Amino acid sequence: MFRKCIALCLALAVAGGGASSWAQEKTGGRKVSERLVVKIAPSAITDSIMVSPDSRRIAYLARSGSKQFVVVDGQEGKAYDGIAASSIVFSPDGQHVAYAAQSGSKWSVVVDGQEGKAYDGIAASGIVFSPDGQHVAYVAESGGKRFVVVDGKEGKAYDGIVKGGPIFSPDGQHVAYGAKSGGKWSVVVDGKEGRAYDGIGASGIVFSPDGQHVAYAARSGGKWSMVVDGKESKAYDGIGITPVFSPDGQHVAYAAESGGKWSVVVDGQEGKAYDGILKGSRIVFDSPDSLHYLAVKDGHSVYVGHSVYLVEEKLR
């Protein structure tokens, strides 16, 4: 439906546009107010259309000859040799917009029309705003090395940065990412490197709701551990499901495998062993001291010949 609407808009629209005054009417006994946000230009690249999280603003990529530019709420930005359409992103509060733009052979991140430093490359999917929209971070490349830039300040250069780039804590005060150096991976929190491992879990890095704690799965040889604030758990055959903090940040839970059995581990303490934790499910804290999850018994497959149980646990 959305794509059909866009196609219709493009068929009817003309170049230009911008904010207009509010119009009001009554429909079905309801008072309706509307304001034109933008007339999408025929030069728009429709797959690039982005809507702000609050659904009040629109940004898209457009062409003019060999140049490309971003249009935000009808206002055209500077024209560049290229713009990574997938890099266009609004801040969570919808007040800011950023994207990666190319001039010649160099790339820079543009935030609210202001260009950052030029680099050899910018990771198109790695531009991230903090939850409060006050900070921005991204992965840049220069001289074959990659590094994270936070509010214009460059971090240490590494051989690689984990896919997905940096993440901010919920309070926006901390930033973390996985980095590769000499074949080993470590997690960097606020510029400080943790221990080097053979791998970092695909479930990613997770901050507690208060931003005071951080957890991630790490591999050493063929074993996996959960690392919470730099402290390793017992080594397991595998760790599944993204780690979850309790609402007050005082507990952390995750699923771990040992000897073919899976259990949910809370603060280092293993729960009842099951044949598995249902694939696609997650651990949910219902309160600071209670949680639930879906566990599998009586079968070797998570799809055939098994029984699924809803497990509820009280921590106190």
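1. Asp-112 counts as partly exposed, at 39% relative accessibility (buried means under 20% relative accessible area, exposed over 50%, and partly exposed in between, with a 1.4 Å probe and protein chains only). Asp-112 is found in the loop between S10 and strand S11 (114-115), where strands (E, at least two residues) are DSSP runs numbered from the N terminus. Although Asp-112 is not a glycine, its phi is positive, at about 50 degrees. Most residues other than glycine have a negative phi.

2. Before going further, please note that this is a predicted model, in which local features need pLDDT of at least 70 and side-chain atom pairs count only at pLDDT 80 or more, while totals for chains, interfaces and linings use all residues. Residues are numbered from 1 along each chain as its sequence is written, and side-chain values use heavy atoms, with hydrogens and water left out.

3. Asp-229 is another non-glycine residue with a positive phi, near 55 degrees, and it is found in the loop between strand S25 (223-228) and strand S26 (231-232). With a relative accessible area of 39%, Asp-229 is partly exposed.

4. The largest nonpolar core has 14 residues, and those with the most contacts inside it are Tyr-119, Ile-122, Ile-127, Tyr-138 and Ala-140 (such a core is a set of buried Ala, Val, Leu, Ile, Met, Phe, Trp, Tyr and Cys residues joined through side-chain atoms within 4.5 Å). Two or more residues come from each of strands S9 (97-103), S10 (106-111), S14 (136-142) and S15 (145-150), and S14 gives the most, with three. Leaving aside residues up to four places away in sequence, Ala-140 touches Tyr-119, Gly-121, Ile-122, Lys-145, Arg-146, Phe-147 and Val-149, a contact being heavy atoms within 4.5 Å.

5. S14 and S15 run antiparallel and are joined by six bridges (two strands pair if DSSP finds at least two bridges between them), with Val-148 in S15 as the bridge partner of Val-139. Their hairpin has two residues between the strands, and Gly-143 takes a positive phi near 60 degrees there. S15 in turn pairs with strand S16 (residues 153-154) in the antiparallel sense over two bridges, and in the turn of that hairpin Asp-151 has a positive phi of about 50 degrees.

6. Strand S29 (residues 261-266) is largely enclosed by the rest of the structure, because five of its six residues are buried. S29 runs antiparallel to strand S28 (residues 252-258), with six bridges joining the two, and Ala-255 has Val-264 as its bridge partner in S29. Two bridges join S29 to strand S30 (residues 269-270), again with an antiparallel run; two residues separate S29 and S30 in their hairpin, where Asp-267 in the turn has a positive phi of about 55 degrees.

7. The count of salt bridges comes to 13, each being a side-chain nitrogen of Lys or Arg within 4 Å of a carboxyl oxygen of Asp or Glu. In one of them, the side chains of Lys-106 and Asp-120 meet at 2.5 Å, N to O; Lys-106 lies in strand S10 and Asp-120 in the loop between S11 and strand S12 (121-122), so the pair ties together parts that are 14 residues apart in sequence. Another joins Lys-145 and Asp-159 at 2.4 Å, N to O. A further one joins Asp-275 and Lys-261 at 2.5 Å, N to O, and Lys-261 counts as partly exposed, at 39% relative accessibility.

Notes:
Helices (H or I, at least four residues) and strands (E, at least two) are DSSP runs, numbered from the N terminus.
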